[in-house]
Amino acid sequence: MEKEDQLTLKLLNTVEEKSDISQRHLASELGIALGLTNSYINRCARRGLIRIRGKSPRRYLYFLTPKGFAEKAKLSTRYLAKSLGFYRASADEFRTLFQKYETVKGLRVILSGLSDLAEIAILIAGAEENIEITAIYDKDSDQSIFHQIPIYSDYSTVPMCDLIIVTCMQDPVITYTELVEKQDIENVYLPKIFGIEI
C-alpha cells in the first residue's frame with residue numbers, strides 16, 4: 001500500500017472516530033506536518049470522502065460521507081491483503097533461513113530493529129528447536145523487553161550471537177551497513193523481503 005493510501009486510510013479512520021478533532025491533533029495522529037494535513041483534508045473533501053462543517057469560526061467538524069465509508073472499506077481491505085501477504089512472505093523466508101541452520105545446535109540469533117518483522121521472526125523461531133533469539137538490538141527503542149526477549153539500545157552490551165537478522169523496517173540498508181562494520185558480514189542477514197540487493 002502506498003504512503004498516500006496509508007495516510008488517507010488513517011485520516012478516514014481518525015475522522016470516523018472523532019469528528020471534532022483539530023487539524024493540529026490530526027497532524028499528530030498522522031505523523032505529518034500541519035500544512036500537509038490540511039492538504040489531505042482538502043483533497044479528501046474534493047473527492048467527496050469527507051464533509052466539513054464549521055463548528056465555530058476557527059473550529060471544524062469532519063464527517064465521512066457514504067463515499068468515504070466505501071473508500072475506507074476498500075483501503076482497509078487492500079491494507080489487510082498486503083499485510084497478510086507480507087506476513088506470509090516473511091514467515092516463509094525465515095523458515096527457509098532457519099532450516100539452513102537445522103544442524104547447528106542452539107543457534108543464537110539477534111534481531112536488529114523492533115518491528116512487525118521482528119515479531120514474525122520471533123514467532124517462526126519459536127517453532128524451531130535449535131533457534132534461540134537471545135536479544136533485540138534497537139538503538140532508538142525505549143522498551144526493555146519484547147515477547148520476553150531483552151532489548152538493547154547500546155550495541156556494546158548486546159550478547160554474543162551466531163547470526164544477526166536485520167528487522168529494522170525504517171532504514172534496513174543503513175542498519176545492515178552499520179552491522180557489517182561491527183560483525184562478520186557472513187553473520188549478518190538482510191531479508192530478501194526488503195527487495196534490496198547488496
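A: Helices (H or I, at least four residues) and strands (E, at least two) are DSSP runs, numbered from the N terminus. By that rule Arg-47 falls in the loop between α3 (34-46) and β1 (50-56). The model is predicted, with local features needing pLDDT of at least 70 and side-chain atom pairs pLDDT 80 or more, while totals for chains, interfaces and linings use all residues. Residues are numbered from 1 along each chain as its sequence is written, and side-chain values use heavy atoms, leaving out hydrogens and water.

Q: Why does Arg-47 count as partly exposed?
A: Buried means under 20% relative accessible area, exposed over 50%, and partly exposed in between (1.4 Å probe, protein chains only). Arg-47 has 34% relative accessibility, so it is partly exposed.

Q: What does Arg-47 touch?
A: Contact means heavy atoms within 4.5 Å. Not counting residues up to four places away in sequence, Arg-47 touches Thr-8, Lys-67 and Glu-71. Arg-47 and Lys-67 are 20 residues apart along the chain, and their C-alpha atoms are separated by 8.7 Å.

Q: Why are α1 and α2 called oblique to each other?
A: Helix α1 (residues 3-17) and helix α2 (residues 23-30) pack at about 130 degrees, with axes 10 Å apart. Axes are lines fitted to C-alpha atoms, for helices over the stretch in contact, and angles run from 0 to 180 degrees between N-to-C directions. Under 35 degrees is roughly parallel, over 145 roughly antiparallel, 65 to 115 roughly perpendicular, and the rest oblique. The pair α1 and α2 is therefore oblique. Their contact is made by Leu-7, Lys-10, Leu-11 and Thr-14 of α1 with Leu-26, Glu-29 and Leu-30 of α2.

Q: How do the residues of the contact of α1 with α2 divide?
A: They divide into 4 nonpolar, 1 polar and 2 charged. Here Ala, Val, Leu, Ile, Met, Phe, Trp, Tyr, Cys and Pro count as nonpolar, Asp, Glu, Lys and Arg as charged, and the others, Gly among them, as polar.

Q: What makes α4 oblique to α5?
A: The axes of α4 and helix α5 (residues 116-126) come within 9 Å and cross at roughly 50 degrees. That makes α4 oblique to α5.

Q: Which residues of α4 and α5 meet?
A: In α4, Phe-86, Tyr-87, Ser-90, Ala-91, Phe-94, Arg-95 and Phe-98 meet Leu-117, Ile-120, Ala-121, Leu-123, Ile-124 and Ala-125 in α5. The residues of this contact of α4 with α5 comprise 11 nonpolar, 1 polar and 1 charged.

Q: How many aromatic pairs are there?
A: Rings of Phe, Tyr and Trp (its six-membered ring) pair if their centres lie within 6.5 Å; planes under 30 degrees apart count as stacked, over 60 as edge-to-face and the rest as tilted. The count comes to 2 aromatic pairs. The rings of Phe-94 and Phe-98 have centres 6.1 Å apart and planes at 15 degrees, so this pair is stacked. Both residues lie in helix α4 (residues 66-99), 4 residues apart, about one turn of the helix. Phe-94 and Phe-98 are both buried. Tyr-137 and Tyr-155 form an edge-to-face pair, at 5.2 Å centre to centre and 80 degrees between the planes. Tyr-137 is in strand β4 (residues 131-137) and Tyr-155 in the loop between β6 (149-152) and β7 (163-166), 18 residues apart, and the pair links distant parts of the chain.

Q: Why are Tyr-137 and Tyr-155 called buried?
A: Tyr-137 has a relative accessible area of 9%, so it is buried. Tyr-155 counts as buried at 19% relative accessibility.

Q: How do you know that Ile-164 is buried?
A: Its relative accessible area is 1%, so Ile-164 is buried. Ile-164 is in strand β7. Leaving aside neighbours within four places in sequence, its contacts include Ile-110, Tyr-155 and Leu-179.

Q: What makes Thr-167 buried?
A: Thr-167 has a relative accessible area of 0%, so it is buried. Thr-167 lies in the loop between β7 and α6 (172-182). Residues up to four places away in sequence aside, Thr-167 touches Leu-111, Ser-112, Gly-113, Ser-115, Leu-117 and Ala-118.

Q: Are His-147 and Gln-148 exposed or partly exposed?
A: His-147 is partly exposed, at 37% relative accessibility. Gln-148 is exposed, with a relative accessible area of 72%. Phi is near 50 degrees for His-147 and near 65 degrees for Gln-148. Most residues other than glycine have a negative phi.
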